[in-house]
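Have the model open beside you and try each task before reading on.

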Amino acid sequence: QRIMEEAIFSVRRYIEGDFSCRLPDNGAGSLYVLFDSVNRLSTALQSRNESLRHAKEFLKDTVSDISHQLKTPLAALRLYMDILSGEPDNPETVRRFTARSMQSVSRMESLIQTLLKLMRLDTGNVAFQLRPHSVKELMEEAAQDLLVRAVQEQKQLLIEGDPHEMLI
């Protein structure tokens, strides 16, 4: 009876999120096999809770970072609009700051799309499909964002490795 009361107490603590206690699993018989299984289940639940906590923390930090990043192109866009409204008869100024405005709008669109994707991931509305993908294609795609800056700084991007390598 005492062992069962201890087991009930431990299971109730597991339900409340306290995984610090363990059921006795060093005896013989089916009851101790059950206790061992409950202990393993407790460990799995604890691990899952920790993973969920880290994922939520990551999501919170990422959303905060994106919202902060949105402020920069928005402020730039406001400045460009002020410049444009002050010099409507100067076609070179209009052309230059219209192009910069479009860059800021594109950056904001990209950040908002990333934010929306994160929200869909968080709500479970995105289903992942595992499929092989070329490492070379992934690297080239990732390098595209860096290519403009590398050219401006007169640098080269080098990607080395087996061009036929696949990720699964």
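A salt bridge is a side-chain nitrogen of Lys or Arg within 4 Å of a carboxyl oxygen of Asp or Glu. Keep in mind that this is a predicted model, where local features need pLDDT of at least 70 and side-chain atom pairs count only at pLDDT 80 or more, while totals for chains, interfaces and linings use all residues. Residues are numbered from 1 along each chain as its sequence is written, and side-chain values use heavy atoms, with hydrogens and water left out.

**Exercise 1. Salt bridges**

Task: find how many salt bridges a search of the whole structure gives, then look at the pairs formed by R40, E50 and K155.

Solution: 
- Step 1. The search of the whole structure finds eight salt bridges.
- Step 2. R40 pairs with D36, and their closest N and O atoms are 3.2 Å apart. The two are separated by about one helical turn because they lie four residues apart in helix α2 (residues 30-86); helices (H or I, at least four residues) and strands (E, at least two) are DSSP runs, numbered from the N terminus.
- Step 3. Now check accessibility, where buried means under 20% relative accessible area, exposed over 50%, and partly exposed in between (1.4 Å probe, protein chains only). R40 counts as exposed because its relative accessibility is 52%, whereas D36, at 27%, is partly exposed.
- Step 4. E50 bridges to R53 with closest N and O atoms 2.5 Å apart. These residues sit three apart in helix α2, so about one helical turn separates them. E50 is partly exposed at 35%, and R53 is partly exposed at 40%.
- Step 5. K155 and E153 form a salt bridge at 3.1 Å between the closest N and O atoms. K155 is exposed at 52%, and E153 is partly exposed at 37%.

**Exercise 2. The largest pocket**

Task: work out which residues line the largest pocket and which helices supply them.

Solution: 
- Step 1. On a 1 Å grid over the protein atoms alone, a pocket is an open set of points where a 1.4 Å probe fits, with protein on both sides within 12 Å along at least five of seven lines; lining residues have an atom within 4 Å of a point.
- Step 2. The volume of the largest pocket is about 380 Å³, a volume being the space filled by probe spheres set on the points, which are joined across faces, edges and corners.
- Step 3. Its lining consists of T72, P73, A76, Q103, S104, R107, D145, V148 and Q152.
- Step 4. Helices α2, α3 (91-123) and α4 each supply at least two of the lining residues.
- Step 5. Sorted by type, the lining has three nonpolar, four polar and two charged residues (Ala, Val, Leu, Ile, Met, Phe, Trp, Tyr, Cys and Pro count as nonpolar, Asp, Glu, Lys and Arg as charged, and the others, Gly among them, as polar).

**Exercise 3. Two single residues**

Task: decide whether S101 is buried or exposed, and find where Q154 is placed.

Solution: 
- Step 1. S101 belongs to helix α3 and is buried, with a relative accessible area of 5%.
- Step 2. S101 and L77 are 24 residues apart in sequence, yet their C-alpha atoms are 5.4 Å apart in space.
- Step 3. Q154 is in the loop between α4 and β2 (166-167) and is exposed at 75%.
- Step 4. Phi of Q154 is near 55°, a positive value in a residue other than glycine. Most residues other than glycine have a negative phi.
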